[in-house]
Every structure is written in structure tokens, then in C-alpha cells.
Amino acid sequence: MDEFRDLEQMLEEHPLPIPEEALDDVSPWRGPLKKILWGLVLDTITINHWKLQYTLPAVGIVLLWLGWRSLRNENPWLRRGWLVSLLLMAKWFTVCVLRATPLEGGWERGWTVLIALDVVLMLAQYLCLWLGLRAVFQKTGQPPRSGAAAGLLALYLALVVMALLAPKAGTLVYGGMAVGYETEFARLEEISYGPVDCSLGSSNHGVMRAEFSLPKNGYGMRGYMAYDLIQDGDDWVNFNMGVNYTRTINPWVYPWQSPLDYRRPWGVNDGRLFRDAPYTGEFSMNNPKNPAWQALIPKEN
Amino acid sequence: MEEQELRSRFRAGDEGAVSDLLTRYGPLLRYIIWGILSDPGEREECFGQVSLLIWEKRVSYDPAKGPLKPWLATLARNAALNRARCTGMVHQELTDTIPDLTPGPEERVLAKERAARIQGAVDKLPRLDRNLFYRKYCYFQSADQMVAELGMTCRAVESRLYRLKERLQTELGGELDG
């Protein structure tokens with residue numbers, strides 16, 4: 001490196017004062033926490049277009065793993081978080097493979113177990129993040145600023161409980177929760193500038209925004225997958241030109257499509273159930289009078 | 001608001017303010033010192049020295065020149081660098097022949113101008129390159145630390161550093177000849 005000898009000598013002998021920008025940019029926490037944050041964002045929202053429901057969470061899960069990996073030696077909770085992220089990654093890619101098999105349409109019990117596992121792992125991850133960050137602040141003698149992680153845990157927990165108890169809650173409730181998520185993500189992003197510096201809350205850093213307010217057709221929050229746990233015969237079917245079936249779990253009031261919808265392609269077994277369902281163009285697909293919709297109402301034997 | 005209050009208490013010579021500053025910025029100062037010194041004992045001693053320096057040099061801090069945080073960070077960095085340099089230095093007896101190394105007024109002005117030129121050149125670098133520059137030439141971090149914290153490979157860090165030095169050399173041009 002002789003060609004830069006003069007430059008290096010000058011920079012080493014006369015070091016520049018540390019600028020404010022460097023203090024913001026250089027932090028051991030920023031990179032890993034940003035990865036975790038983006039991972040959570042990509043993993044929480046689901047966009048059911050252009051196969052993004054598979055690619056975005058896959059990227060998110062890898063980011064989560066990379067973020068946790070850098071922090072795993074900091075304290076036991078962050079290490080547990082890393083292990084949980086490994087399990088999440090293994091589960092996700094297993095699901096992706098299984099979805100490419102005939103099991104996609106059947107094996108309801110198995111899917112329910114996988115979805116329940118997903119919910120438990122996500123909760124465990126939020127818990128590890130909260131307790132891990134708290135331990136970091138305590139270790140450095142700072143007042144703990146891990147409230148954002150606790151907020152995310154509480155929101156996710158609330159989402160799961162609501163999915164189980166009140167799946168058809170209104171737009172306002174879920175809209176409010178989406179705003180809550182965004183706020184907590186923004187707060188967590190502030191911490192990403194590092195527990196090494198507790199004046200971070202007052203700085204005007206740009207806030208990463210998770211786009212939750214996607215108003216129409218086929219957007220969803222992954223947390224709402226928990227609805228799969230309780231849904232049974234409450235589906236409705238979307239007959240698209242009478243050929244392509246799409247099963248949609250819709251917890252919303254008609255005629256709006258939910259931003260919390262979770263969609264998946266119609267499987268073999270699902271198709272069998274509605275094989276004889278008549279199709280008519282007289283009614284819109286969301287109209288309960290549509291014979292296709294009527295066919296879904298469970299009939300007593 | 002809190003920062004301003006702390007700053008004025010510090011300037012007024014409030015001992016409690018130094019303690020508050022150390023609670024607030026202690027981890028940051030440790031992070032800077034830890035990157036320069038490798039020996040745990042040296043690190044702790046240096047941190048103690050910095051705590052003392054903050055108190056001693058509080059009069060030289062001019063709020064008009066900028067916030068407290070970069071001032072403290074630079075103070076810690078310089079203390080750690082001095083300590084690192086002293087560790088490798090052979091003990092010499094003081095004689096009349098040893099020149100005074102303290103920079104004179106002219107040298108200080110030149111150094112200031114040089115720093116401004118370098119900062120101007122650094123500002124033109126892309127964000128990641130700036131980050132690497134700060135880590136290498138402001139924080140004096142090792143390549144291993146950069147690799148671990150940035151999640152890059154050693155090769156990627158080295159090649160980026162090479163390119164940024166190339167670019168800086170071109171930008172600074174004649175500065176290096178003088």
C-alpha cells in the first residue's frame with residue numbers, strides 16, 4: 001500500500017475531529033438492529049401480488065437471522081432470539097417446500113400446527129428482543145429504552161388474541177393496530193442508533209416507515225394467519241370467471257377487501273368441496289346471494 | 001432541551017454534570033476507546049483518564065463550535081491514540097537535543113485548512129465509504145471490527161478502503177505533495 005503512504009500518514013498523524021455524522025453512522029448496534037427491524041417489517045406485512053407473499057417474508061427471515069446472529073454473543077436473551085430466528089427460518093423454508101407438494105391442498109392439521117408454531121415463534125422473538133435490549137441497557141447502566149420492543153410484543157399478542165376471539169373486528173380496530181405497529185417500529189428504529197448512546201431519542205433521524213395502510217385487495221398482516229386456527233366453514237369463495245378459485249379468509253365486512261386478508265391458492269381438497277357450486281354472473285362475487293357463496297354455508301345433514 | 005441543560009451545567013463546573021455525562025455518553029466513549037486499545041487494563045485506565053480529562057478540559061469546550069458529543073468523542077479518541085502511541089514508544093531521556101513537537105500557530109492553521117479539505121473530500125464519498133472512512137481514520141478501528149459490525153467480508157472491506165483511498169488521493173491532489 002505504498003501508493004497511499006502519504007495519505008495514510010497524513011490521516012494518522014493528523015486525525016480529523018470526529019464529526020457528528022460519524023457518531024450517528026458508526027455504531028455496533030445500528031446494522032444488526034436495522035436488519036432485525038427490516039426483517040420484522042417484511043415478515044409482518046404480506047403483499048399477495050407477484051409472489052411477494054413468499055419472497056418478502058423469505059428476505060425478512062434471512063435478515064432477521066443475520067441481525068440476531070451479530071448480537072447473539074451480547075447476552076442470553078439475544079442468543080435465544082438468534083435460536084428462535086433459526087427455527088423461524090427452518091420453518092419458513094420447510095413450509096415453502098411443502099407448499100410445492102400435493103400436501104398444499106390437504107393436511108389441514110399439519111398446516112394448523114405450523115401456523116400455531118409460527119405464532120409462538122414470532123411471540124418468542126419479540127420477547128427475546130424486548131428482554132435482550134433491556135439487558136443491554138442495564139449492563140451499560142443506562143435507563144432501559146426497550147419499550148418499543150415490548151410494545152411490538154404486546155401488539156402481536158393482541159393481534160393473536162383478536163384473531164382468535166374477534167376475527168371480524170372492524171377496520172378501525174385493525175387500522176389502529178397497524179398505526180401502533182408503525183409507531184413501535186419507528187421507536188425501535190431510534191434505538192438502532194445504539195444503546196451506546198442514550199441521547200438518541202432527541203435526534204432527528206429519518207424514520208423507517210412500514211407501509212401498513214394498503215387499502216385494497218390482497219394485502220395482509222402475517223399475524224392474522226392465526227385466524228386459520230379457528231376458521232372452519234366460514235370461508236367465502238371467489239369465482240373468477242368460474243375457472244380460477246381463490247380461497248380468501250375474510251374477516252371484514254363486505255364489500256371491502258381487508259388489508260388483513262390472508263390468501264392462498266385453492267388446493268385439491270378445497271376444490272372438491274365446491275365442485276358442484278353453481279356459478280352465475282348475475283351476482284357480484286362478494287354478494288352473499290351469489291349461489292357460489294350460498295354453497296359455502298354449512299348444511300345440516 | 002436536556003442536552004442544553006447538561007451542557008450549561010457542565011460549562012458552569014457542576015461536578016454532577018460530569019457524572020451525568022459519563023452515564024449518558026460513557027458507553028459511547030468506551031466503544032471508541034475499545035476499538036483503539038486492545039489490552040483490557042489499558043482500556044479501563046484510559047477511560048479513567050478520559051473522565052478526568054473531561055473535567056479538566058471543560059473550560060476549553062466552546063458550545064459555539066458544536067455539540068458536546070463530538071467533542072467528548074474526539075477527546076476520548078485522542079486520549080486512546082496517545083496511550084496507544086505511548087505504549088509502543090521507547091523511553092527516552094530528556095535532553096536539549098529533543099525537539100519540541102508542539103505545533104506552532106502556523107502549523108495549527110495549516111492543519112485546520114487540511115482538515116477542512118479532507119472533510120470536503122470525505123463528504124463527497126458515498127455513504128458506506130464515508131462510514132468506512134470514519135471507522136478507519138476517525139475511530140481507528142481494526143479491519144476485524146469493521147467486518148464484524150458491518151456484516152461485510154474482509155475482502156469487501158479491504159477493496160472498498162482501497163478504492164476510497166484512491167478517490168481521496170485524487171480529490172486531495174497537491175495537498176499530499178506539500
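This is a predicted model: local features need pLDDT of at least 70, side-chain atom pairs count only at pLDDT 80 or more; totals for chains, interfaces and linings use all residues.
Residues are numbered from 1 along each chain as written, chains are lettered from A in the order written, and side-chain values use heavy atoms, with hydrogens and water left out.

**The interface**
- On the chain B side 40 residues are in contact with 35 residues of chain A (heavy atoms within 4.5 Å).
- About 3,700 Å² is buried between the two chains, 61% of it from carbon and sulfur atoms (accessible area lost on being put together, 1.4 Å probe, summed over both).
- The rule finds 1 salt bridge across the interface (a Lys or Arg side-chain nitrogen within 4 Å of an Asp or Glu carboxyl oxygen).
- That salt bridge joins Lys165(B) and Glu8(A), at 2.7 Å from N to O.
- Helices H2 (15-36), H4 (68-87), H5 (105-123), H6 (127-138) and H8 (154-172) of chain B each supply at least two residues to the side touching chain A (helices are DSSP runs of H or I, at least four residues, numbered from the N terminus).
- H6(B) gives the most, with 9 residues.

**Helix H1 of chain B**
- In H1(B), residues 2-11, Glu3(B), Leu6(B), Arg7(B) and Phe10(B) are buried (under 20% relative accessible area, 1.4 Å probe, protein chains only).
- They sit on the same side of H1(B), because they cover an arc of only 100° around the axis (taken from the directions from helix axis to C-beta atoms).
- Their cover includes H2, H3 (40-56) and H4 of chain B.
- After H1(B) comes Gly13(B), with a positive phi near 85°.

Key
Buried means under 20% relative accessible area, exposed over 50%, partly exposed in between (1.4 Å probe, protein chains only).
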